[in-house]
Amino acid sequence: METAICSRVALPANHVINQKPGDRLSSYKGQCVYRSVPVAVSATGPGKGGGLLERPTIEKTTPGRESEFDLRKSRKTAPPYRVLLHNDNFNKREYVVQVLMKVIPGMTLDNAVNIMQEAHYNGLSVVIICAQADAEEHCMQLRGNGLLSSIEPASGGC
């Protein structure tokens with residue numbers, strides 16, 4: 001049996017829906033007191049019967065926000081990009097290491113030194129491989145701190 005709708009309907013206290021012996025309906029000084037009665041509609045078709053359905057579980061999400069699952073899924077399907085650091089003759093090596101550690105999340109001192117050394121000796125070094133949006137952001141932050149950087153699609157995955 002598939003559930004199509006599950007809601008509540010306000011009814012007067014003296015209204016009877018399949019009342020069983022021992023069920024109480026409230027009235028207060030001769031006035032009707034409305035009760036909320038659970039109503040369930042099933043998609044089984046007429047004449048097939050059915051019972052009360054369990055209360056549905058509602059996932060609470062903030063409007064306009066994607067769930068964590070959707071975010072992880074979209075990041076996995078996005079093609080990876082490389083953030084490249086280019087050698088320059090203007091910035092000191094210590095400054096390059098400081099900027100890498102400031103801009104790239106989780107960057108350790110050892111990794112920053114190795115990336116800086118590779119760029120210094122080979123002219124180019126891969127800083128990080130990540131989603132395109134993150135790669136663009138990291139590249140802009142590196143450039144904003146005076147370093148030469150670029151991005152390119154990563155072939156072969158992460």
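This report looks at a helix pair and at a strand with its two partners in a predicted model.

## Ground rules

Residues are numbered from 1 along each chain as its sequence is written. Because the model is predicted, local features need pLDDT of at least 70 and side-chain atom pairs pLDDT 80 or more, while totals for chains, interfaces and linings use all residues, and side-chain values use heavy atoms, without hydrogens or water. Helices (H or I, at least four residues) and strands (E, at least two) are DSSP runs, numbered from the N terminus.

## Helices α2 and α3

Let's start with α2 (residues 93-103) and α3 (residues 109-122), which pack at about 130 degrees with their axes 9 Å apart. The axes are lines fitted to C-alpha atoms over the stretch in contact, and angles run from 0 to 180 degrees between N-to-C directions. The two helices are therefore oblique to each other, a class left over once angles under 35 degrees (roughly parallel), over 145 (roughly antiparallel) and 65 to 115 (roughly perpendicular) are set aside.

In contact terms (heavy atoms within 4.5 Å), α2 brings Arg93, Val96, Val97, Leu100 and Met101, and the α3 residues they meet include Leu109, Ile115 and Tyr121. The residues of this contact divide into 10 nonpolar (Ala, Val, Leu, Ile, Met, Phe, Trp, Tyr, Cys and Pro), two polar (the others, Gly among them) and one charged (Asp, Glu, Lys and Arg).

Strands pair if DSSP finds at least two bridges between them. β5 pairs with β6 (residues 124-131) in the antiparallel sense over seven bridges, with valine 83 opposite isoleucine 128. β5 also pairs with β7 (residues 148-153) in the antiparallel sense, over six bridges; here histidine 86 stands opposite leucine 148.
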